[in-house]
Amino acid sequence: MSNPTPPAERIQRQLERLAHQRGLGPVPNGCSQWIDQSRALLESIFGADSEKAGRFSAAVGRQASGFGLPLEGDWGIWARLERGEAALREILARLEDPPQE
């Protein structure tokens with residue numbers, strides 16, 4: 001029986017992939033793929049209707065359309081990547097340091 005990769009590791013790997021996207025320029029299609037992969041990752045871990053998946057979607061937009069996205073502006077590629085990274089880091093921090101009751 002295989003041990004599944006813990007959610008925190010999976011999210012950390014997705015964050016590491018972001019450096020590649022930034023290094024590419026970013027490329028609109030690559031940005032859309034990163035957003036879609038991140039959304040799918042969160043949905044597979046927490047569920048499509050989870051608060052965490054919803055928070056990420058609110059940060060990057062409900063649909064990631066790589067073509068025609070501007071680089072700058074509130075909903076440009078750079079801003080979406082920044083907000084997406086912040087959302088993933090917040091989720092990761094909560095996983096690594098759960099609230100004490």
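I took contact to mean heavy atoms within 4.5 Å, and helices as DSSP runs (H or I, at least four residues) numbered from the N terminus. The model is predicted: local features need pLDDT of at least 70, side-chain atom pairs count only at pLDDT 80 or more, and totals for chains, interfaces and linings use all residues. Residues are numbered from 1 along each chain as its sequence is written, and side-chain values use heavy atoms, with hydrogens and water left out.

Entry 1, the helix pair. I looked up which residues of α1 meet α4. Pro-7, Ala-8, Ile-11, Gln-12, Gln-14, Leu-15, Leu-18 and Arg-22 in α1 meet residues of α4 including Trp-78, Leu-81, Leu-88 and Glu-96. I then checked the axes (lines fitted to C-alpha atoms over the stretch in contact, with angles from 0 to 180 degrees between N-to-C directions). Those of α1 (residues 7–24) and α4 (residues 77–96) come within 10 Å and cross at roughly 160°. The two helices are therefore roughly antiparallel (an angle over 145 degrees).

I searched for nonpolar cores, sets of buried Ala, Val, Leu, Ile, Met, Phe, Trp, Tyr and Cys residues joined through side-chain atoms within 4.5 Å; buried means under 20% relative accessible area with a 1.4 Å probe, protein chains only. The largest has 19 residues, and Ile-11, Ile-35 and Phe-56 are among those with the most contacts inside it. α4 gives the most to this core, six residues.

I found Ile-35 in helix α2; Ile-35 counts as buried because its relative accessibility is 0%. Its C-alpha atom is 9.0 Å from that of Phe-56, 21 residues apart along the chain.

Conventions: Parallel < 35°, antiparallel > 145°, perpendicular 65-115°, else oblique. Buried < 20%, exposed > 50% of the residue type's maximum accessible area, 1.4 Å probe, protein only.
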